[in-house]
Amino acid sequence: MTVAVQGTTDPRFAAVQEVFRENFATRGEVGAALSVTVDGRTVVDLWGGYSDRRTRTPWTPDTLTMIFSATKGATALCAHVLASRGHLDLDAPVCRYWPEFAAAGKERITVGMLLNHQAGLPAIARNLPPDAIFDWPTLTEALAEQPPYWEPGTAHGYHAMTFGWLVGEVVRRISGKTVGTFFRDEIAAPLGLDFWIGLPAEYEPRVAPVRLPPPQRKASPLLAAMLDRDSLTSRTFLNPRGMMMPGQANSRTVRAAEVPAANGICTARALAGMYAPLVAGGKTGGNRELVGPTILARLGVAESEGPDRILSISTRFTAGFIKTTDNGDEDSIRLGPNPEAFGHSGAGGSLGFADPVARVAFGYVMNQMGPGLLLNPRGQRLVEAVFEGLGA
């Protein structure tokens with residue numbers, strides 16, 4: 001598809017703009033935006049295509065769209081802000097902050113295990129109605145009652161949906177605010193980010209509806225596991241179904257809710273802007289500390305790696321973020337050449353990450369979901385082009 005690409009690009013990163021154009025021409029992009037900063041300076045700020053192809057509405061620099069699991073980075077950051085302020089100990093048992101959580105043998109699960117997917121709570125055994133995804137008390141009570149599916153700390157598996165309710169409830173118990181409110185008040189608003197977990201109604205006209213990925217020629221192991229209603233993978237993604245029901249992701253109900261593992265809505269500038277302080281020593285442009293040095297150092301260290309009990313591939317996680325993981329095919333994510341890089345991708349291709357060594361903050365959002373379990377090939381080529389521009 002030939003589209004008009006707008007924005008600015010530093011001459012060193014001309015190849016990034018070319019890849020961005022190629023994504024529309026040859027890789028099925030419909031609407032997208034990309035923002036990259038280096039040392040706090042914007043070097044790439046691009047957008048193009050359609051926010052709504054049906055109505056031919058053009059994508060603008062202020063277009064918002066859902067980033068699915070890239071939201072986990074925002075939710076994790078809320079916990080790390082609290083830890084940096086001395087209100088949360090990542091190595092303390094969750095029940096210190098959420099006493100009811102100690103039920104069913106969970107008294108030794110730490111906050112860190114919630115963040116790095118080792119808690120053994122990727123799913124809820126009790127059958128829940130689809131609309132339970134919007135019922136915070138029901139979900140957190142069910143998780144407090146739920147026994148772990150494996151011995152916590154001995155293995156990991158992607159907590160695709162429960163991550164948000166688990167980490168979010170710890171944030172709520174400590175701060176007295178929902179995770180969406182805490183993120184808005186303590187992170188998004190001070191940094192001037194157009195980023196929401198629970199979108200206010202007045203921003204609805206700016207949202208680009210997401211488009212389902214095209215059918216794949218062969219079923220992946222993940223899809224096969226999801227189709228087996230008795231599998232742990234199926235329960236992880238489909239109980240409650242909520243966002244997985246046809247059309248739900250584009251509904252006002254889903255956008256307005258706080259589903260802090262999966263329904264963040266933002267611009268590319270905001271996604272990169274969230275990571276920008278994390279490549280600047282944890283400090284904002286006004287030299288205010290967002291994340292302290294001890295916590296910041298932890299964000300780049302893998303705490304879980306190897307076979308993932310839910311995704312059926314290898315994954316690597318820090319305390320709330322994903323690391324470069326090379327599975328040798330589309331089910332990989334490569335965040336550049338530096339092992340210190342960390343971030344989070346989202347279903348279909350969105351990506352935000354920080355590279356503290358190269359001092360790169362990266363945000364890519366789009367509305368046409370595509371293949372790739374950890375990162376869409378469109379996003380991967382953009383990452384590669386950024387580091388080519390840096391001479392890495």
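Tutor: Two residues are in contact when heavy atoms of theirs lie within 4.5 Å. The model discussed here is predicted, with local features needing pLDDT of at least 70 and side-chain atom pairs counting only at pLDDT 80 or more, while totals for chains, interfaces and linings use all residues. Residues are numbered from 1 along each chain as its sequence is written, and side-chain values use heavy atoms, with hydrogens and water left out.

Student: Which residues does G180 touch, not counting residues up to four places away in sequence?

Tutor: With those close positions set aside, G180 touches I197 and E258. G180 and V259 lie 79 residues apart in sequence, and their C-alpha atoms are 8.7 Å apart in space.

Student: In which helix is the place of G180, and is G180 buried or exposed?

Tutor: Helices are DSSP runs of H or I with at least four residues, strands are runs of E with at least two, and both are numbered from the N terminus. G180 belongs to helix α6. A residue is buried under 20% relative accessible area, exposed over 50% and partly exposed in between, using a 1.4 Å probe and protein chains only. At a relative accessible area of 6%, G180 is therefore buried.

Student: How do the axes of helix α2 and helix α6 cross?

Tutor: Axes are lines fitted to C-alpha atoms, for helices over the stretch in contact, and angles between N-to-C directions run from 0 to 180 degrees. The axes of α2 (residues 71-84) and α6 (residues 179-191) come within 10 Å and cross at roughly 65°. Angles under 35 degrees are roughly parallel, over 145 roughly antiparallel, 65 to 115 roughly perpendicular, and the rest oblique. Therefore α2 is roughly perpendicular to α6.

Student: Which residues of α2 and α6 meet?

Tutor: From α2 come A74, T75, L77, C78, V81 and L82, which meet V179, F182, F183 and I187 of α6. Ala, Val, Leu, Ile, Met, Phe, Trp, Tyr, Cys and Pro count as nonpolar, Asp, Glu, Lys and Arg as charged, and the others, Gly among them, as polar. The contact of α2 with α6 has nine nonpolar residues, one polar and no charged.

Student: Against what do the buried residues of α4 pack?

Tutor: They pack against α5 (162-175) and α6. In α4 (residues 136-145), the buried residues are W136, L139, T140, A142, L143 and A144.

Student: How are α1 and α12 placed relative to each other?

Tutor: The axes of α1 (residues 14-26) and α12 (residues 377-389) cross at roughly 165° and come within 8 Å, so the two helices are roughly antiparallel. In this contact, A15, V16, V19, F20 and N23 of α1 meet R378, R381, L382, A385, V386 and E388 of α12. The residues involved are seven nonpolar, one polar and three charged.

Student: How many aromatic pairs does a search of the whole structure find?

Tutor: Rings of Phe, Tyr and Trp (its six-membered ring) pair if their centres lie within 6.5 Å; planes under 30 degrees apart are stacked, over 60 edge-to-face, and the rest tilted. The search finds nine aromatic pairs. F20 and F24 are edge-to-face, because their ring centres are 5.5 Å apart and their planes stand at 75°. F20 is buried, at 0%, and F24 is buried at 1% relative accessibility. Another edge-to-face pair joins F321 and F342, 5.2 Å centre to centre with 65° between the planes. This pair links distant parts of the chain, 21 residues apart: F321 is in the loop between β10 (314-317) and β11 (342-345), and F342 is in strand β11.

Student: Which residues form one aromatic cluster?

Tutor: Y275, F321 and F342 do.
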